[in-house]
Amino acid sequence: MSSNHIDEHEESHNPPRLKEMSRRQFLTYTLGGATAYMAAGVVLPMLRFAVDPILQNREDGSFVKVVEESKITSEPQEFHFELQQQDGWYNSTATLTAWIRKNDEGKIVALSPICKHLGCLVGWNNNQNFANEYYCPCHGARYTADGKNLAVAPKPLDEYMTKIDNGWIYLGEIVPNTVVE
Ligand code: FES
């Protein structure tokens with residue numbers, strides 16, 4: 001049997017092709033496609049993870065449910081609450097403190113405990129020499145129940161924005177004191 005006869009026999013069993021693809025080209029295309037597919041599976045989620053925080057709506061201006069209004073008296077009370085914070089793509093929970101009372105005008109006043117002198121934490125009625133005042137143990141700053149600065153500190157205590165909904169007090173961002181002069 002001649003070799004010509006074998007070639008003719010093999011060709012007769014192969015389907016006709018427009019253009020032959022070499023084994024090397026086939027492997028290149030197949031491996032290239034598979035690599036691109038796997039790379040996309042790894043890189044795209046990372047890209048989304050990196051970009052997502054930038055695209056997300058920032059939660060500035062949002063309020064946190066803290067306490068029922070019925071529990072608030074004219075005497076300041078200390079409350080702690082948690083706030084979800086997004087810093088870039090880092091998500092964390094901060095525990096914040098507010099001193100809340102209802103003043104003589106019936107307004108809910110929620111004060112930040114951060115002293116306006118150098119940032120220590122004030123307390124209410126925590127110095128027996130200064131009854132019914134906020135007092136800062138670091139350098140002796142004093143404030144009224146509405147946060148007015150009486151000594152050492154240059155400004156009144158900041159306050160939280162407040163909102164009342166369905167009998168609950170919600171606290172928002174910290175702003176300069178709007179209650180005292
Ligand atoms: S930090 Fe409060 S008095 Fe100085």
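In this predicted model, strand 6 (residues 134-135) and strand 7 (residues 142-143) are joined by two bridges and run antiparallel. Strands here are DSSP runs of E with at least two residues, helices are runs of H or I with at least four residues, and both are numbered from the N terminus. Two strands are taken to pair if DSSP finds at least two bridges between them. Within this pairing, Y134 has Y143 of strand 7 as its bridge partner. Both strands belong to an open sheet of four strands, in the order 5-6-7-8, with antiparallel pairing. Strand 5 (123-124) and strand 8 (149-151) lie at the edges of the sheet and have a single partner strand each, so one side of each is left without a neighbour in the sheet. In general, the strands of a sheet pair through backbone hydrogen bonds, either parallel or antiparallel.

The model is a prediction, in which local features need pLDDT of at least 70 and side-chain atom pairs count only at pLDDT 80 or more, whereas totals for chains, interfaces and linings use all residues. Residues are numbered from 1 along each chain as its sequence is written. The pLDDT, the predictor's confidence in each residue on a scale from 0 to 100, has a mean of 82 over the protein chain, and 72% of the residues reach 70 or more. Over residues 1-6 the pLDDT is below 50, and this stretch has one contact in the model beyond near neighbours in sequence. A contact is counted if the C-beta atoms of two residues, placed from the backbone, lie within 7 Å. For residues 8-12 the pLDDT stays under 50, with zero contacts beyond four places in sequence. Where pLDDT is low, the predicted coordinates should not be read in detail.

The protein chain contains two helices and ten strands, which follow the pattern α-α-β-β-β-β-β-β-β-β-β-β along the sequence. Of its 181 residues, 16% count as buried, a class that requires 20 or more other C-beta atoms within 10 Å of the residue's own; 12 or fewer make a residue exposed, and values in between make it partly exposed, with C-beta atoms placed from the backbone. Among contacts between residues at least 6 apart in sequence, 46% join residues at least 24 apart.

Strand 10 (residues 168-175) pairs with strand 1 (residues 64-68) in the antiparallel sense over four bridges. Strand 10 is also joined to strand 9 (residues 159-165), by six bridges and again antiparallel. W168 of strand 10 stands opposite E68 and also opposite D165. Strands 9 and 10 form a hairpin with two residues between them, and N166 in the turn has a positive phi of about 55°.

I174 is found in strand 10 and is partly exposed, with 16 other C-beta atoms within 10 Å. Not counting residues up to four places away in sequence, I174 touches S112, D158 and Y160. The C-alpha atoms of I174 and E159 are separated by 5.6 Å, although the two residues are 15 apart along the chain. I114 is found in the loop between strand 4 (108-111) and strand 5, and counts as partly exposed with 16 C-beta neighbours inside 10 Å. Its contacts, not counting residues up to four places away in sequence, are G119, L121 and D158. I114 and E159 are 45 residues apart in sequence and 9.9 Å apart in space, C-alpha to C-alpha.
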